[in-house]
Amino acid sequence: MGRPGVTDMGSLSIRNVVKRYGNVTILKSIDLEVRDGEFVILVGPSGCGKSTLLNMIAGLDTVSEGEIAIGGRVVNNLPPKDRDIAMVFQSYALYPTMNVRDNILFGLRIRKSSPQQMEEALARVAKTLQMEHLLDRKPSQLSGGQRQRVAMGRALARDPALFLFDEPLSNLDAKLRVDMRTEIKLLHERVKTTIVYVTHDQIEAMTLGDRIVVMKEGEVRQVGTPQEVYDDPADLFVAGFIGSPSMNFIRCTVESRGGRLGVALHDGGGSFFMPAPPSIGGLGERVGQEVILGIRPEQITDKDPYAGANPHSIEQAARIEVVQPTGPDTLVLIHLNGTPVTCRVHPGANPKAGQSMGLTFDLSKLVFFDPSTEKRIR
Amino acid sequence: MADFVRADSAGGGRALGRIVVYGLLILVALYYLMPLFVMLTTSIKTLEEIRAGNLIALPGTVTFEAWAKAWGSVCTGADCSGLKNNFWSSVSFVLPAVVISTLIGAFNGYVLTLWRFKGSDLLFTTMLVGCFIPFQVVLLPMAQTLGWLGLANTTSGLVFVHVVYGLAFTTLFFRNFYVSVPEEMVKAARIDGAGFFTIFWRIILPLSPPIIVVCVIWQFTQIWNDFLFGVVFSGGDRQPITVALNNLVNTSTGVKEYNVDMAAAIIAALPTLFVYIVAGKYFVRGLTAGSVKG
């Protein structure tokens, strides 16, 4: 991760940062290193402290304990304007009485930039965001997406070391949100400035970030690339939060059959044995105990006639309760150990509610959790 | 024929409803305009015609002598220079009082909503109590305070009284208006590098015209029409027009000149009328305008 002591202009270090309001601790000792040019997502349910953390990085909120450094410089006691940052807000927070040009240039004007500087910044921003034709409009004359672009333009104008995004797409409708997501990612490719981006939307987190920081109740639960967080969740919360539809959790008992560790499952009628990947050594000491099995919907699909004999899969028939076509896939609901389980099958398999269907369970990515601590069993 | 009637009955019903509604509105409007009509006509009649006794008759001969007298030469007490001095006297303290109380109210509202501090809500509630304190209660303490400040019987003193008394209202107006300003706008401005006062001047005040209009109308009406503070705290020769009008109308010596009284009353009411006519449409707009959507 970050190299301590090396001062990259856009690096961000958060060390043992704590935030308290009176007796309530909002953030419990956060540690995070962000490299120069990295796109980092803070994601978590509302109330997890992600926005508070962002406000503290921006200097809009004070730090109770610990240190925040931007570009190697501790900024705990610097006001927002001296931190070399820019921020984009969920409500856009454009100045309603100023036109787009003045909105973009406000920060430069306050800082008494020269007319040439402002001219250049305006030209650069307008070109980057393709809004030369909007410069004379008032915010009220813009669509939601255009306002969002102006808000980004305002951030871009000052060419800061660090961009902070606070749920910037939450006010947009679904289609526009997808478009703007692409636009933000393109923007990052172009300007290569460090971005810290807060969202509660795990899809945004997965699609945008170089790294994801999953937070809950004032703690960092996991930091990793999107694929790491998806494939190798640290605990039950992360596993359930990332991914849509979310991972299936099934309570089951660890058994040892024929020298292999695994779990026993039943679909209401017959029961079957699901062997665990041999790499999970932690199951050995839990034979006879209850664990939580995690399996993602796409790991349970219809039988693939061309797959051949996959040693890491088993086949099992189950009764279909509900069928939900999404277009590319069809979601099928079955019951295992009394828990509803979502499976992702090909639409061509043509599943029908009430019928029994042969399903292939991919076992290579099974994960197990301790029911009391909710931590991964590895 | 029967078909025709039936087909038209719905529209006919609506038209009838309209007639009833408009008729009623016109009637009520006329009723309310009646006193103004009487005042206006009386003010341009001659005294003989008034004595003839028909209150609502149109004037036989139109004369503006009463207006000229009310403005320039009527006697209020011992002073026979008309209401013009009092008019300008009123203007001289109403304008600063309105401007200052509005500005401070805007500033208070800005702090109480966008720069909240511990106890700011309590402070606001305390200030609101000021809206419910009757004028009479503060007379003596205010007189004492003005004495201490050396402002007794001065125009500045009267301005001070009206500013203090108006703050509760103006703060309330602006506070409730600024509540709907997104806090993120202030955050954005802070990150852009703007300070406390810059944000107020460059961002918050420019989006305030609707509530400024409301506040100015309210304050202007209150202060211009005020009698009690005027009669108590103004210097003898700098009396506001409301006090002079009272002295004029309530005089018990000589012939009662109703036309002059009426003209004087209208002159005293003209500025507030003017403010309402000029800014009235913004008044309603400002009262209902809550959101500051981008």
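These legends walk through an overall view and then several close-ups of a predicted model. Residues are numbered from 1 along each chain as its sequence is written, while chains are lettered from A and ligands numbered from 1 in the order in which they are written. Local features need pLDDT of at least 70 and side-chain atom pairs count only at pLDDT 80 or more, whereas totals for chains, interfaces and linings use all residues; side-chain values use heavy atoms, with hydrogens and water left out.

**View 1. Chain A as a whole, with eight helices and 22 strands.**
Helices (H or I, at least four residues) and strands (E, at least two) are DSSP runs, numbered from the N terminus. The C-alpha trace of chain A spans about 80 × 45 × 35 Å along its principal axes. Of the 378 residues in chain A, 51% are buried; buried means under 20% relative accessible area, exposed over 50%, and partly exposed in between (1.4 Å probe, protein chains only). Take the contacts in chain A with a separation of 6 or more: 68% of them involve residues 24 or more positions apart. A contact here means heavy atoms within 4.5 Å.

**View 2. Lys19(A) and Asp61(A) pair up in a salt bridge.**
Asp61(A) sits in the loop between helix H1 (50-58) and strand S4 (65-70), and Lys19(A) is in strand S1 (residues 12-21), so the pair ties together parts of chain A that are 42 residues apart in sequence. Are these two partners buried or exposed? Asp61(A) is buried at 18% relative accessibility, and Lys19(A) is buried too, at 3%.

**View 3. Glu183(A) and Arg149(A) link two helices.**
Their side chains form a salt bridge, at 3.6 Å from N to O. Glu183(A) belongs to helix H5 (residues 174-191) and Arg149(A) to helix H4 (residues 144-157), so parts of chain A that are 34 residues apart in sequence get tied together. Glu183(A) is partly exposed, with a relative accessible area of 23%, while Arg149(A) counts as buried at 17%.

**View 4. Arg378(A) reaches Asp232(A) through a salt bridge.**
This time the N to O distance is 3.0 Å. Arg378(A) is in the segment after strand S22 (376-377), and Asp232(A) is in the loop between helix H7 (226-231) and helix H8 (236-241), so this pair ties together parts of chain A that are 146 residues apart in sequence. Asp232(A) is partly exposed, at 31% relative accessible area. Elsewhere, Arg35(A), Glu38(A) and Arg211(A) are joined into one network by salt bridges that share partners.

**View 5. Arg158(A) touches residues of chains A and B.**
You'll find Arg158(A) in the loop between H4 and strand S7 (162-166) of chain A, and it counts as buried at 15% relative accessibility. Which backbone oxygens does the side chain of Arg158(A) reach? One belongs to Ile85(A), at 3.1 Å, and another to Ile191(B), at 3.2 Å. Leaving out residues up to four places away in sequence, Arg158(A) touches Ile85(A), Ala86(A), Gly107(A), Leu108(A), Arg111(A), Ile191(B) and Asp192(B).

Terms used: A salt bridge is a side-chain nitrogen of Lys or Arg within 4 Å of a carboxyl oxygen of Asp or Glu. A polar contact is a pair of N or O atoms within 3.5 Å; within protein, one must be able to donate a hydrogen and the other to accept it, and residues adjacent in sequence count only if both atoms are side-chain atoms.
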